[in-house]
Amino acid sequence: MKLYSYFRSSAAYRTRIALSLKGLAYETVSIHLTRDGGRQHAPEFGAVNPQKRVPALALDSGEVLLQSLAIIEYLDEVHPEPPLLPKDPVERAHVRAVAQIIACDIHPLNNTGPLGYLRNTVKADEAAVQAWYAHWIATGFEAIEALIKPGPYAFGANVTVADVCIVPQVANARRFKVPLDRFPNIVAVDAAANKLPAFEAARPERQPDAE
Ligand SMILES: N[C@@H](CCC(=O)N[C@@H](CS)C(=O)NCC(=O)O)C(=O)O
């Protein structure tokens, strides 16, 4: 398999964690999201992913999968061990809710496109962009803090898609110096997950394209 990735992309980071947890080998194809105006916009990559974003996972069959949560659920269905979603439908819904708070409600507002729009079109200064970034993380994290209980992972003794999404979002928060002292559950879950080799291997600084 080939993972179209960028070391700093938190959506790619989620996918790398899932691949590592499943023990699956893959080749990294780095798509630099800022160099040359963003190499995701190159026609060759558009032919792989018409949405021009990472991650994309090219299967050995040549089929290309998009969207981190769709890719992760595909991996979980085809390689069920270890499971990343609980069997109980209610617990599955709780896990997916936390994953979606991050992937659907926090991350899209803090993504490259909206931040570029704030800077270049709205003409917001860096302090305003930073405040925007911190605001959407804090809003989403307030909900997640109330929904999880370190056990040591977000939903008990087994890693789930919730942890797979929390760790990269915490890394983004730290990179942008967003205070996390109001979120002890999230910080504890992040620390527990990061002790696992699969999470360690997926870290941005461990990637072949890390700068
Ligand atoms: N919802 C998508 C988000 C993918 C996404 O937006 N990736 C970012 C990097 S984290 C990207 O490729 N941005 C490039 C751009 O917006 O031009 C997913 O979960 O895979």
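How many residues surround the ligand, and which are the closest? I kept in mind from the start that this is a predicted model. I counted 14 residues around the ligand. The closest ones are Gln40, Val54, Gln67, Ser68 and Asn111.

Next I looked up the distances. Arg14 places a polar side-chain atom 3.1 Å from an oxygen atom of the ligand. For Arg53, I found a polar side-chain atom 3.0 Å from an oxygen atom of the ligand. Val54 takes part through its backbone: a polar backbone atom there is 2.7 Å from a nitrogen atom of the ligand.

**Entry: helix 1 and helix 3**

Two packed helices are described by the angle between their axes and the distance between the axes. For helix 1 and helix 3 (residues 68-78), I noted axes that come within 9 Å and cross at roughly 5°. Angles under 35 degrees count as roughly parallel, and these two helices are therefore roughly parallel to each other. From helix 1, Ala11, Arg14, Thr15, Ala18 and Leu19 meet Ser68, Ile71, Ile72 and Leu75 of helix 3.

**Entry: helix 1 and helix 7**

What is the crossing angle of helix 1 and helix 7? I read roughly 140° for helix 1 (residues 10-21) and helix 7 (residues 161-175), with axes that come within 9 Å. Helix 1 and helix 7 are therefore oblique to each other. Their crossing is right-handed. On the helix 1 side I wrote down Ser10, Tyr13, Arg14, Ile17 and Leu21, which meet Val164, Cys165, Val167, Pro168, Ala171 and Asn172 in helix 7. The contact has 8 nonpolar, 2 polar and 1 charged residues by class. Arg14 belongs to this contact and also to the one with helix 3.

**Entry: backbone in the loops**

Last, I checked the backbone. The peptide bond from Glu81 to Pro82 is cis, with omega near -15°, and Pro82 sits in the loop between helix 3 and helix 4 (89-106). I found a cis bond from Gly151 to Pro152 too, with omega near 0°; Pro152 is in the loop between helix 6 (126-147) and helix 7. Lys52 has a phi near 60°, a positive value in a residue other than glycine. I located Lys52 in the loop between helix 2 (43-48) and strand 3 (56-58).

Terms used:
Residues numbered from 1 in each chain as written. Predicted model: local features only at pLDDT ≥ 70, side-chain atom pairs only at ≥ 80, totals over all residues. Heavy atoms only, no water. Axes fitted to C-alpha atoms, helices over the stretch in contact; angles between N-to-C directions. Helix = DSSP H or I, 4+ residues; strand = E, 2+ residues; numbered from the N terminus. Parallel < 35°, antiparallel > 145°, perpendicular 65-115°, else oblique. Left-handed = near helix turned anticlockwise from the far one by under 90°. Contact = heavy atoms within 4.5 Å. Nonpolar A, V, L, I, M, F, W, Y, C, P; charged D, E, K, R; others polar. Near = heavy atom within 4 Å. Polar contact = N/O pair within 3.5 Å; in protein donor to acceptor, adjacent residues only side chain to side chain.
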